[in-house]
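Hi,

Here is the structure I promised to pass on. Please have a look at it first, and my notes follow below.

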Amino acid sequence: MKANDLGRGFELYQDEYEKKVLEVLRSGWYVLGREVETFEREWADYCGTKYCVGLASGLDALWLAFRILGIGAGDEVIVQGNTYIASVMGITINGAIPVFVEPDEYYSIDAERIEEKITDRTKAVLAVHLYGIPSEMDKIVNICKRHHLRLVEDCAQSHGAMYDGKMTGAFGDIGCFSFYPSKNLGAFGDAGAIVTDDEQIAKNFRMYRNYGSEKRYLNKVVGANSRLDELQAGLLRVKLQHLEELTCEREKIAERYLQEIKNEIIMLPKPRTGNGERNVWHQFVIRCRQREAFMKHMEDNGVGTLIHYPIPPHLSEAYDYLGYKPGFLLITERYANEVCSLPMFNGMTEREQTQIIEAVNCFEGKE
Ligand SMILES: *Cc1c(COP(=O)(O)O)cnc(C)c1O
């Protein structure tokens with residue numbers, strides 16, 4: 001079994017997707033239209049925000065967010081060290097500088113370590129809800145208020161995740177979403193969006209996504225081509241109607257993993273729990289000091305696994321120019337060496353789940 005199998009998710013609602021594709025193809029209108037507008041309304045409602053603007057990708061949502069907030073050359077943005085590199089590129093494309101903070105035991109930014117990194121150049125915090133686990137938003141919101149910082153959320157992995165009863169994406173100035181096919185709400189191609197309560201920010205995104213133009217051929221700023229197309233928006237609307245079922249299915253798989261995996265060599269993830277917390281299990285990430293042997297063992301037992309992510313951004317070749325050396329972020333680097341994602345996808349059978357659990361439980365490691 002593969003670590004992820006998107007075809008299974010498609011098969012769950014195949015008839016509805018196929019019907020929508022034909023409907024859009026026959027409509028004669030393909031970019032920014034009725035499907036996009038309706039999806040924007042539905043996604044804003046789902047997130048509990050006033051506005052949503054559809055975009056071409058999650059990375060576009062991130063870099064346009066900092067551009068529109070006026071954060072650029074010489075400004076600093078605080079972000080966790082253990083994230084997908086797109087979070088950091090959203091900052092650096094604008095010439096701003098990422099300031100890395102170590103994660104807590106839930107794989108999100110350690111809120112206790114944010115304030116020591118704030119300088120007079122700090123302009124924003126980027127909170128990443130990695131693996132579908134919400135970041136500690138009450139503390140992060142308070143820090144941003146106290147220090148007059150902007151708050152942007154990277155929700156590419158946290159569709160529907162909640163903290164204190166509120167959806168991720170609704171806490172900050174801007175919530176950035178990716179609908180890349182493997183995400184919890186995945187399209188059938190590239191797609192993204194932002195949500196916000198600020199009317200002016202929403203207006204700016206609409207302008208920037210279309211070459212900086214609000215009125216045809218009147219270009220106010222140097223923008224981007226980051227429009228959402230009707231086909232993806234229509235398909236996202238179909239999937240959104242089933243997102244609750246899809247999330248519950250992930251929760252059930254995670255529950256079985258948490259209850260039935262019993263192996264002292266394997267460190268299980270800790271869901272954030274409380275009154276209003278919801279983890280949406282984009283990935284089910286375990287840690288193992290003998291990761292290479294573990295992954296080989298799983299492979300030998302017919303189970304594919306993946307690493308999210310083997311090289312932390314500060315040690316990536318793309319960021320050589322920032323001058324970081326191994327040892328700068330000890331927790332981040334340890335996680336990068338130990339994390340391993342078990343299969344987690346919609347449409348996984350109970351037998352497959354049992355096979356995965358049994359394979360993990362019979363890993364003995366080497367002495
Ligand atoms: C997927 C992802 C992105 C980027 O989204 P794209 O749509 O691929 O551009 C950004 N941040 C995180 C945490 C992601 O997982």
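A term before the details: by polar contact I mean a pair of N or O atoms within 3.5 Å. Please also keep in mind that this is a predicted model.

I started with the ligand. Which side chain has a polar atom 2.6 Å from an oxygen atom of the ligand? That residue is Ser178. Gln157 also brings a polar side-chain atom to the ligand, at 2.8 Å from one of its oxygen atoms. With Gly58 the backbone takes part: a polar backbone atom of this residue is 2.8 Å from a ligand oxygen. On its own the ligand would expose 380 Å², and the protein buries 91% of that area.

As for where this happens, the ligand sits in the second largest pocket.

Away from the ligand, I looked at charge pairs. Side chains of opposite charge can pair when their charged atoms come close. With a cut-off of 4 Å between a side-chain nitrogen of Lys or Arg and a carboxyl oxygen of Asp or Glu, the count comes to 28 salt bridges. One of them is between Glu40 and Arg206, whose closest N and O atoms are 3.1 Å apart. Glu40 belongs to helix α3 (residues 34-47) and Arg206 to helix α7 (residues 199-208), so this pair ties together parts that are 166 residues apart in sequence.

Two spots in the backbone may also interest you:

- His308 and Tyr309 are joined by a cis peptide bond, with omega at about 10°. Tyr309 is in the loop between α10 (291-300) and α11 (330-338).
- Tyr217 has a positive phi, near 70°, although this residue is not a glycine. Tyr217 is placed in the loop between β10 (213-215) and β11 (218-219).

Best wishes

Technical notes. Residues are numbered from 1 along each chain as its sequence is written. This is a predicted model: local features need pLDDT of at least 70, side-chain atom pairs count only at pLDDT 80 or more; totals for chains, interfaces and linings use all residues. Side-chain values use heavy atoms; hydrogens and water are left out. A polar contact is a pair of N or O atoms within 3.5 Å; within protein, one must be able to donate a hydrogen and the other to accept it, and residues adjacent in sequence count only if both atoms are side-chain atoms. Accessible areas come from the Shrake-Rupley method with a 1.4 Å probe; for residues, only the protein chains shown count as cover. On a 1 Å grid over the protein atoms alone, a cavity is a set of points where a 1.4 Å probe fits but cannot get out, and a pocket is an open set with protein on both sides within 12 Å along at least five of seven lines; lining residues have an atom within 4 Å of a point. A molecule sits in a cavity or pocket if more than half of its atoms lie within 2 Å of its grid points. Helices (H or I, at least four residues) and strands (E, at least two) are DSSP runs, numbered from the N terminus.
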